[in-house]
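Please keep the sequence and the structure in view while reading.

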Amino acid sequence: CYDELCALLDLVAPTADDRIIALGDIVDRGPDSEKVLEFFRDTPNAVSLMGNHERKHIRSARGETRAALGQKIVRQQLGDHYDQWLAFMETFPRHIELPEAILIHGMFEPGIPLAEQRDTVVIGTLTGEAYMQEHYPEPWYANYEGPKPLIVGHHDYLKQGAEPMIHRGLVYGIDTGVAHGGRLTAL
């Protein structure tokens, strides 16, 4: 969703001193995956976290899993540059801890330090979701106790495409369904 990214950045008007951090899934969602990848590669102080879609591209290219339709389409769109973009996606961190907050794409298991979180949970894979549902009957974010706020993407938890989910002032789910007719949200 490159056009939506540009519109949001025009609204936010970041300065050269600001850091732009995407929470992952910058591919497979919207018509311009390559333009979004180029933005994060070419823009100083811009970085994307590893989302489940980037992880699936990497794993399917290695033959570790089957590519979904979204990955097949984007692979075709990226053409001869696909391997270069895979190498770039492999550099994406699985989380970023700031003085003010922790940023991840997926979920967070309670009582487990950030560095010891399962990749499948923090990145938000189907395996990670199944693990969390099996071990925690309530929504994962209901168990988050801090101490820092947690900023996540991955799902439009309110399923409105308009407002982010804010749980107890500790978990901010800022995916508001831009790829499904909602809007792109920043914090």
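**Salt bridges in the predicted model**

A network of salt bridges links Arg59, Arg62, Glu64 and Glu90. The model is a predicted one, and a search across the whole structure finds nine salt bridges in it. Side chains of opposite charge can pair when their charged atoms come close.

Within the network

- Glu64 meets Arg59 through their side chains in a salt bridge, with an N to O distance of 3.1 Å.
- Glu64 also forms a salt bridge with the side chain of Arg62, where the N to O distance is 3.9 Å, a value that still counts because the cut-off for a salt bridge is within 4 Å.
- Glu64 has a relative accessible area of 41% and is therefore partly exposed, while Arg59, with a relative accessible area of 26%, is likewise classed as partly exposed.

The pair Arg41 and Asp42

- Another of the salt bridges joins the side chains of Asp42 and Arg41, whose N to O distance is 2.6 Å.
- Asp42 counts as partly exposed because its relative accessibility is 47%, and Arg41, at a relative accessible area of 44%, is partly exposed too.

How values were computed
Residues numbered from 1 in each chain as written. Predicted model: local features only at pLDDT ≥ 70, side-chain atom pairs only at ≥ 80, totals over all residues. Heavy atoms only, no water. Buried < 20%, exposed > 50% of the residue type's maximum accessible area, 1.4 Å probe, protein only.
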